[in-house]
Amino acid sequence: MAEGWGYMQSDGPHTWFKSFPVVAGTRQSPVNIVSKESIHDASLATNPITISYRAETNMVVKNSGHSIQADASQESVIFGGPLSGKYRLQQFHLHWGTTDDVGSEHTINGTSCSGELHLVHYNCEKYKTFTEALDKADGLSVFGVMVTIGKEHAGFKHITDLICNIRQKGQSTRLSIPFNPTCLLPDDTSSYWTYMGSLTTPPLYESVTWIVFSKQIHISREQMDLLRSMRNKEHGGEPIGNNYRPPLPLGDRKIRCSFKKRANKCLNAPELSGASYLVVGAAVVVAAAVVTGFLNHMKVF
């Protein structure tokens, strides 16, 4: 990836247009996903995404100065869903905020999560290498996984336990135990949004088929604090945080979803219990009786 950019006031996303004119393109990412405006595509369910990840051995984990990044070496592939052909996992990294109310790059109905995990794949059927695929319209596919603060994530702990060895930019280490990236995915990978977009970091190529899962994963506050303890320079520097690009206009693009939306409900809206429905129903009956009595008194009927 290109250098000379970051997330500080002097080199943040609002300055990237100076070096990367593709910022003015028509399929830039991330975007705000409005669930009620997404289009249900039944073909996404009938041709589900297949995720075939292999366990990584001796995986390299590094501080890129922008994020924590783990490089894949095994032939882990995905196919199906919105993809034509197989896409091979290249690396995964995270974006996070300095506070819990921001951090994700995509927003869902205008709401941010505390972080967003990206698993980056390239079209290995059509292109020989990640570099060759990088700037092609069908070159990449990225999984977007929303991250919230909750209980400790056992799988991700293997990664955050290494942070003490990669505090400074440019430092790297290896994970000595087998690690399968599947453990980082939400329990349900059949429900997702998809659209045509771009890399969210320079060079911002418009080459990504995005697959953003509707289900989240949780990491603990301690794990988030470890991420926030990483530094953006080789010696000293500032803590890495707010390393996300704000949402860009969707324009004429359409966002498809693999699941059927519930009418007039937000996807993540809590379900009412049976007791709650009884209470609501009773309240409606009482309200109707009061209104009817008032209208009778006024001799409207």
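A salt bridge is a side-chain nitrogen of Lys or Arg within 4 Å of a carboxyl oxygen of Asp or Glu. The model shown is predicted, so local features need pLDDT of at least 70 and side-chain atom pairs count only at pLDDT 80 or more, while totals for chains, interfaces and linings use all residues. Residues are numbered from 1 along each chain as its sequence is written, and side-chain values use heavy atoms, with hydrogens and water left out.

**View A. Salt bridge between Asp 225 and Arg 228.** The closest N and O atoms of this pair are 3.7 Å apart. Both residues belong to helix H4, three residues apart, or about one helical turn; helices (H or I, at least four residues) and strands (E, at least two) are DSSP runs, numbered from the N terminus. Arg 228 is buried at 15% relative accessible area, whereas Asp 225 is partly exposed at 40% (buried is under 20%, exposed over 50%, partly exposed in between; 1.4 Å probe, protein chains only).

**View B. Salt bridge between Asp 100 and Arg 221.** The N to O distance is 2.5 Å. Asp 100 lies in the loop between strands E7 (87–96) and E8 (107–108) and Arg 221 in helix H4 (residues 221–228), so the pair ties together parts 121 residues apart in sequence. A network of salt bridges links Asp 100, Arg 221, Asp 225 and Arg 228.

**View C. Salt bridge between Lys 126 and Asp 138.** The side chains meet at 2.8 Å, N to O. Lys 126 is exposed, with a relative accessible area of 53%, and Asp 138 is partly exposed, at 25%.
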